[in-house]
Amino acid sequence: MSTSSQTLQGEASIDEFFNVVATETLALFESLEFESLEFDVFAPAETGRTREHEPPELMRGFLHCYYHDICGIRPVERELRNTVVWLSCGFDRPPSRDAVDRFLTDLEHVVDEVFDRLVEQAARRGLLDLTYCVDSTDVRAMPADQDASKCYDPTDDEYYYGYGCTIVSTGQKIPIAAEFTESKQAPEETAMRVTRDALAVAQPIWMVGDSAYDTLDWHDHLLAAGVVPVAAYNARNTDDPKYIEYRVEDRIEKHSEDVQLKQSTLDETYNRRTGVERTNESVKDCGLGRTHTRGRVHARAQVFLVLCLRLVVAITNYERRDNPGSTIITV
C-alpha cells in the first residue's frame with residue numbers, strides 16, 4: 001500500500017480517514033500485490049503521452065467503488081473525487097473521467113490475467129479445496145448496450161437482455177476460472193475451456209456440474225486428468241436413456257474394472273453444487289448481476305473486475321481472521 005500513516009500525519013482529516021476506511025477500503029488492499037499490474041497495454045503511448053495515474057491506484061479505485069456498489073464511468077469518477085477515497089487508493093490527486101474510462105478500456109485486454117494472478121494468491125493461501133463446481137449465470141445489461149442481446153435463462157424460464165458468465169468455483173465462494181459469454185446458455189467449448197483453466201490452477205478430486213455438463217468430452221477429459229466428474233445424467237440427450245443418475249457411472253463401467261463409486265458418495269458430492277450457486281449470488285452482490293457500462297468491452301471488464309473483487313474479499317478475510325481487532329469484510 002503506497003499510502004502510509006507517515007504520509008497522512010499532516011492531513012486534517014486523519015481521524016475521519018482511519019475511522020471510515022480502516023475497516024473497508026484499506027482492508028481490501030493491505031495484503032494484496034497490486035504492483036504486479038505491469039502490462040504493455042498500460043505503457044505510455046508511442047506519441048509520448050503519459051498516464052495521469054498508475055494501474056495499481058486505478059485498480060484499487062475500481063475495487064473500492066464496486067465494493068460499495070458504485071459502477072459506471074461517471075459514478076466511479078465522482079466517487080474518486082472524495083478526498084478520503086482517493087487518498088486511500090494511493091492517488092496523488094483525483095483521476096479524471098477520461099483516465100477512468102481509458103483504464104477500464106485497456107484493462108479489458110488483460111483483466112483475465114489480473115484475475116488469474118489473484119487466483120494464484122488465493123491458491124498460495126490454501127483457500128481452494130478438492131471439489132470444483134461449474135455453472136453459468138446471467139449478466140443483465142443496460143438497454144442502451146447495443147452489443148448485448150436477448151438471452152434465454154432456462155433456470156427461471158425467462159428471457160433477459162444481456163450476456164452470460166460461466167464460473168468454476170471452490171472453497172468459500174472462490175471463483176478460480178471464468179468465461180464471459182454471449183448468453184447464459186454457454187456452448188460446450190466454453191465448458192471445456194473453463195474446465196482446463198481450473199485444472200491448471202490445481203487438481204481437485206471432484207468436478208461437479210448440472211445436466212448441462214452431461215457431455216462425453218467433458219467427462220472423458222476429466223477422467224483422463226484423474227478427476228471424477230459428477231454431472232446429472234440428461235436422459236433427453238438420447239432416444240435410449242440409461243438407468244443412471246450420473247454420467248460418470250456409465251463411463252467408469254465402460255472404461256474401468258477396478259474403480260467403484262457408491263451412490264451415496266456421488267449424491268453427497270453432487271449436493272456440493274450449491275457451492276457455485278452461492279458463489280454466483282456472492283459475485284452478483286459484488287456487481288455482476290447487471291452491467292453499468294455500454295459495449296461488450298466494458299461489460300467484460302466489469303464482469304472480471306467483480307470476480308477479482310470476490311477474490312480480494314476472500315483473501316482479505318483470510319488474512320484478518322486470526323486478528324481479533326480486524327473486521328471481516330462481508331460480500
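User: Which residues gather in a patch of positive charge on the surface?
Analyst: This is a predicted model. In it, R74, R78, R97 and R294 form a surface patch of positive charge.

User: Where does R78 sit?
Analyst: R78 belongs to helix α5, which covers residues 73-79.

User: And is R78 buried, partly exposed or exposed?
Analyst: Its relative accessibility is 47%, so R78 counts as partly exposed. The cut-offs behind that are under 20% for buried and over 50% for exposed.

User: What about negative charge, which residues gather in a patch?
Analyst: E113, D116, E120 and D197 make up a negative patch on the surface.

User: Which helix gives the largest share of the negative patch?
Analyst: Helix α8, residues 111-124, supplies the largest share with 3 residues. E120 is placed in helix α8.

User: How accessible is E120?
Analyst: E120 has a relative accessible area of 46%, so E120 is partly exposed.

User: Switching to cysteines. How many disulfides does the structure hold?
Analyst: The count is 0 disulfides. C89, for one, is in no disulfide. The nearest cysteine sulfur to C89 is that of C65, 7.1 Å away, whereas a disulfide needs two cysteine sulfur atoms within 2.5 Å.

User: Is C89 buried or exposed?
Analyst: C89 counts as buried because its relative accessibility is 0%.

User: And C308, buried or exposed?
Analyst: C308 has a relative accessible area of 0%, so C308 is buried.

Technical notes: Residues numbered from 1 in each chain as written. Predicted model: local features only at pLDDT ≥ 70, side-chain atom pairs only at ≥ 80, totals over all residues. Heavy atoms only, no water. Patch = residues over 30% accessible without salt bridge, like charges linked within 9 Å, V, L, I, M, F, W, Y side chains within 5 Å. Areas by Shrake-Rupley, 256 points an atom, 1.4 Å probe, with all protein chains shown as cover. Salt bridge = Lys/Arg side-chain N within 4 Å of Asp/Glu carboxyl O. Lys, Arg positive; Asp, Glu negative; His and termini not counted. Charge placed at Lys NZ, Arg CZ, Asp CG, Glu CD. Helix = DSSP H or I, 4+ residues; strand = E, 2+ residues; numbered from the N terminus. Buried < 20%, exposed > 50% of the residue type's maximum accessible area, 1.4 Å probe, protein only.
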